[in-house]
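Q: Please take a close look at one chain of this model, for a reader new to the structure. A single connected account would be welcome.

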Amino acid sequence: MLIQFVLNGKPVAVDVAAYDLLADVVREKLGLTGTHIGCDTSQCGACVVHIDGRSVKSCSTLAVTLEGAKVTTIEGLASPSGQLHPMQQAFHEQHGLQCGFCTPGMVMSAVDFASRNPNPTPAEAAAGIEGNFCRCTGYQNIVKSVIAGAAAMRVVK
Amino acid sequence: MLNFEYLRPSTVTEAGAMLGKMSEARPLAGGMTLIPAMKLRLAAPTALVDLAGVPELNGIKVDGKTVIVGAMTKHADVAASADVRRLIPALADLAGGIGDAQVRNKGTLGGSIANNDPAACYPAAVLALGATVTTNRRKIAADSFFTGMFETALEPGEIVTGVTFPVPAAAAYEKFRSPASRYALVGVFVAKTTGGVRVAVTGAATCVFRASAIESILAEKFSAEALASLRFPADGLNSDLHGDAQYRAQLVGVLTKRAVAKLS
Ligand SMILES: Cc1cc2nc3c(=O)[nH]c(=O)nc-3n(C[C@H](O)[C@H](O)[C@H](O)COP(=O)(O)OP(=O)(O)OC[C@H]3O[C@@H](n4cnc5c(N)ncnc54)[C@H](O)[C@@H]3O)c2cc1C
Ligand code: FES
Ligand code: FES
């Protein structure tokens with residue numbers, strides 16, 4: 001089946017089978033390997049992308065359902081000139097990552113969260129990234145990053 | 001995942017016809033339960049009928065003393081709805097506490113109750129509030145909808161179109177979450193309805209159930225103190241790696257008291 005959607009601001013057309021998951025399509029067919037796959041049970045959040053502005057798990061989304069949708073992956077956050085998104089910059093500055101496996105999903109969840117909660121408390125920030133597991137950091141610096149990123153997003157707006 | 005046919009109807013009638021034609025076809029809602037199950041080959045439907053393109057299944061309406069939630073309404077939208085927050089805040093709280101933000105951005109009311117996971121949250125609200133489930137064929141009272149573990153009164157090919165929740169005088173949901181899956185290890189929904197006090201328990205047994213012994217105590221005196229000597233029986237409750245039947249029985253008591261305390 002040929003499906004067409006907007007990926008990171010550019011229209012794409014890609015041939016998919018009914019069972020192809022969005023995570024596999026962006027990684028294998030469209031060459032964007034920033035979206036990670038960390039589990040089989042829809043629990044880890046490494047695969048989070050935005051569909052029509054909402055964060056969702058791309059490992060649990062059939063690509064065929066996306067005809068006409070707007071999809072943003074981690075690759076679509078930085079500006080074309082390479083300037084990091086304020087949330088990416090905050091993760092960098094606050095040491096919000098170690099191995100980096102969870103980071104793309106973490107950042108995508110955080111951007112969606114901060115756009116709805118521009119000034120979160122630490123508890124709210126932690127609840128906002130509940131669907132993202134990190135096996136390295138212990139979450140402390142991730143929560144700091146989310147708060148700093150939300151603050152930077154307020155300024156950019 | 002095994003291959004299947006993908007169908008995208010735009011009306012309930014069309015969806016019903018598609019499901020009626022193929023016995024192994026299944027509706028697809030948010031896919032948050034069905035897709036993982038298909039990945040693990042616990043489910044292998046030959047066709048998926050995607051309900052996302054059926055506008056009449058989505059949305060929240062207030063009608064007199066009821067709130068009608070469409071089957072395809074996402075948990076995030078129920079949690080954020082000003083009407084639900086105003087009229088049945090406990091329902092908004094429940095929806096806002098399901099899984100995580102990404103599960104709430106896709107998962108739906110219809111998918112949750114059709115699936116009837118023993119640890120799901122929505123079945124407790126539907127049962128305690130004495131709601132009515134509407135399908136493409138009939139109306140089903142909550143008391144006869146949830147029939148067993150992952151079992152409901154739905155017939156093959158029947159589609160949940162929405163749920164009508166009567167507005168209660170007061171209601172509260174208390175959940176003890178599994179820290180890993182975030183489903184209810186036990187969840188208790190207490191509602192003061194026109195038909196009396198109703199208490200529904202999820203997560204504790206193979207299927208959501210009404211705790212009639214607790215209901216009678218609360219009908220006499222609606223206070224946490226009235227439950228002070230409550231020892232909920234562990235017979236028939238689940239024992240698994242997350243907790244044994246005694247532990248769950250204890251949680252039923254604790255969570256009921258917390259819910260009642262919230263309302264007094
Ligand atoms: C990590 C994670 C955490 C979760 N935590 C919780 C939690 O804390 N509490 C909780 O309650 N749930 C939890 N869930 C489950 C979640 O709420 C699901 O969204 C829900 O159970 C299924 O809804 P869905 O819309 O995704 O349905 P789907 O997965 O699309 O469908 C589920 C089943 O229902 C059938 N179906 C769907 N819609 C209809 C309809 N309208 N009529 C008839 N049949 C239909 C499908 O054919 C399928 O058999 C969690 C899920 C995940 C992945
Ligand atoms: S890969 Fe783990 S939630 Fe998607
Ligand atoms: S940084 Fe390694 S899993 Fe999060």
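Predicted model: local features only at pLDDT ≥ 70, side-chain atom pairs only at ≥ 80, totals over all residues.

A: Contact means heavy atoms within 4.5 Å. In chain B, among contacts with a separation of 6 or more, 57% join residues 24 or more positions apart. Residues are numbered from 1 along each chain as written, chains are lettered from A and ligands numbered from 1 in the order written, and side-chain values use heavy atoms, without hydrogens or water.

Chain B has a mean pLDDT of 96, and 100% of its residues reach 70 or more. The model as a whole scores ipTM 0.96 and pTM 0.96.

Chain B contains 11 helices and 14 strands (DSSP runs of H or I, at least four residues, and of E, at least two, numbered from the N terminus). Chain B is as compact as a globular protein of 264 residues, because its radius of gyration of 18 Å is close to the 18 Å given by the globule rule (over C-alpha atoms; 2.2 Å times the number of residues to the power 0.38). Along the principal axes, the C-alpha atoms of chain B fill a box of roughly 55 × 45 × 30 Å.

Of the 264 residues in chain B, 55% count as buried (under 20% relative accessible area, with exposed over 50% and partly exposed in between; 1.4 Å probe, protein chains only).

Definitions and conventions: pLDDT = per-residue confidence, 0-100.
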